Amino acid sequence: MLTHFFSTVPTGLSLLATIDPAMNDWAIVGCPYGTFSIAQERRIVAAMNKVVYSCPFVPAEWIAAHGFQPSRIMPHAASDPSAGMCPYAASFVNEVMSIGAADAVVMTTVCDQMRRVAELVYRDCRAPIFLMHVPATWETAAAHRFYVSELERLGRFLERLGGTPPSANALAAVMDEYDSMRAKLRAARGSLTARRYAEALAAFHRDGTVEVDGSAPSEPRSGVPLALVGGPLLAHHLALFDLVEAAGGPIVLDASTSGDRTMPALFDQRRLADDPLLELADAYFGSIPDAFRRPNSELYRWLHNELEQRGVRGIVFQHYTWCDTWHAEAQRMREWAAVPMLILDADDSAVIEGHTVSRIESFLEIFG
Ligand code: SF4
């Protein structure tokens with residue numbers, strides 16, 4: 001039987017929770033000003049389809065294997081973000097509130113801003129919400145076990161919304177399918193402009209579709225090869241790829257949170273057959289490098305390899321105002337990088353401002 005009451009969840013937020021004592025579990029469902037009976041929950045379930053999220057540590061395969069459409073969105077800039085709020089986090093909230101197609105929302109605890117945003121979404125959004133805890137530490141077996149247990153908890157949330165728990169074979173089949181789509185995207189990378197590739201990645205994350213042709217030969221790009229490094233992109237940031245290329249520096253590595261850096265590792269076929277859930281957890285939690293991780297040495301190891309392999313000669317580093325995670329990394333990365341680095345502060349504007357364009361052009365002049 002489900003009961004509803006206010007509870008302090010592990011994030012420290014006071015929230016209305018839906019508890020299933022039989023499963024010793026909790027999940028946030030609906031608004032704090034209303035409670036749902038089991039019958040009401042089932043009516044919600046009946047109309048449910050799309051599960052919206054933004055964090056790369058939420059495996060699309062796990063949601064899809066439960067029968068839902070995973071949709072990792074790239075939000076459009078919010079028109080009136082609150083002071084002190086990260087523009088990306090504010091835009092995500094705005095998008096979740098405005099898209100009627102969000103049947104459920106999954107958020108994660110990767111930064112304080114997202115925890116705050118979860119509170120707002122919970123307060124104002126009518127869709128069921130699940131807050132997933134992603135530990136910052138990753139080196140211990142306990143951290144991996146915790147991540148797996150969070151996936152299992154997410155699975156139970158999806159089941160309560162009408163999803164079907166996948167068999168090992170069914171999960172492995174979905175994982176194989178996503179692996180193939182990612183391989184197709186990677187294969188097409190060399191034949192696409194940086195912007196087109198970023199758009200293809202965004203479409204894959206949003207809809208699980210790949211509409212690129214990887215058969216075209218790679219074109220050598222003229223100009224100074226650059227990397228884009230930093231947090232997640234908003235939709236209007238796609239123009240950055242064109243602006244930087246027009247200034248003479250094609251972006252050959254998208255190491256933003258929306259780009260290649262957050263692709264999970266390729267699945268190991270033997271482990272996929274043995275224990276697909278563990279393999280899924282390893283490919284995401286065990287492999288994706290990010291600034292919020294402690295230690296975040298893997299971010300630098302991954303970058304070192306990629307910068308070298310792709311012949312990168314300069315870094316465009318973008319962080320949002322109010323984003324402590326990436327802001328703190330900017331200076332450290334500048335000292336670490338063996339190539340020149342431009343730091344851009346992305347504010348709450350919905351366009352790329354003229355002064356940003358000027359700074360990009362000046363940066364490219366360094367390379368003669
Ligand atoms: S950009 Fe930074 S503050 Fe904003 S949601 Fe991402 S990690 Fe959190």
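Biologist: In which sense do β10 and strand β11 (residues 341–346) pair, and over how many bridges?
Modeller: The model is a predicted one, and in it β10 and β11 run in the parallel sense. Within this pairing His319 stands opposite Asp345 in β11. The number of bridges between β10 and β11 is six.

Biologist: How many residues of strand β10 (residues 314–320) are buried?
Modeller: Gly314, Val316, Gln318 and Tyr320 point one way from β10, while Ile315, Phe317 and His319 point the other way, and all of them are buried. Strand β10 is therefore largely enclosed by the rest of the structure, the count of buried residues being seven of the seven.

Biologist: Which elements give two or more residues to the shell around the ligand?
Modeller: Tyr320 belongs to this shell, together with Cys86, Tyr88, Ala89, Cys111, Gln113, Met114, Gly231, Pro232, Cys323, Thr325 and Trp326. The elements that contribute two or more of these residues are α3 (87–98), α4 (112–124) and α12 (324–336).

Biologist: Which strands stand at the edges of the open sheet of four strands?
Modeller: The order in this sheet is β5-β4-β6-β7, with parallel pairing. Each edge strand has a single partner strand, so one side of each is left without a neighbour in the sheet, and these strands are β5 (69–72) and β7 (129–132). Neighbouring strands of the sheet are turned against each other, direction ignored, by 25 degrees on average. Asked for by name, the edge strands are β5 and β7.

Biologist: Which residue in β6 stands opposite Val51?
Modeller: Strand β4 (residues 50–53) runs parallel to strand β6 (residues 104–108), and three bridges join them. The residue in β6 that stands opposite Val51 is Ala104.

Biologist: Against which helices do the buried residues of α10 pack?
Modeller: Seven of the nine residues of helix α10 (residues 276–284) are buried, so this helix is largely enclosed by the rest of the structure. Those residues are Pro276, Leu277, Glu279, Leu280, Ala281, Ala283 and Tyr284. The helices they pack against are α2 (60–65), α5 (141–160), α6 (168–188) and α9 (269–274).

Biologist: Why does Ala60 count as buried, and which residues does Ala60 touch?
Modeller: Ala60 has its place in helix α2. Because burial needs 20 or more other C-beta atoms within 10 Å, Ala60, with 24 C-beta neighbours inside 10 Å, counts as buried. Not counting residues up to four places away in sequence, Ala60 touches Pro70, Arg72, Tyr178 and Gly208.

Biologist: How far apart in space are Ala65 and Gly163, C-alpha to C-alpha?
Modeller: Ala65 also lies in helix α2, and with 28 C-beta neighbours inside 10 Å, Ala65 counts as buried. Leaving aside neighbours within four places in sequence, Ala65 is in contact with Pro166, Ala170, Leu171 and Val174. Ala65 and Gly163 are 98 residues apart in sequence, and their C-alpha to C-alpha separation in space is 8.7 Å.

Technical notes:
Residues numbered from 1 in each chain as written. Predicted model: local features only at pLDDT ≥ 70, side-chain atom pairs only at ≥ 80, totals over all residues. Near = placed C-beta within 6 Å. Pairing = 2+ DSSP bridges. Axes fitted to C-alpha atoms, helices over the stretch in contact; angles between N-to-C directions. Buried ≥ 20, exposed ≤ 12 C-beta atoms within 10 Å, placed from the backbone. Contact = placed C-beta atoms within 7 Å.
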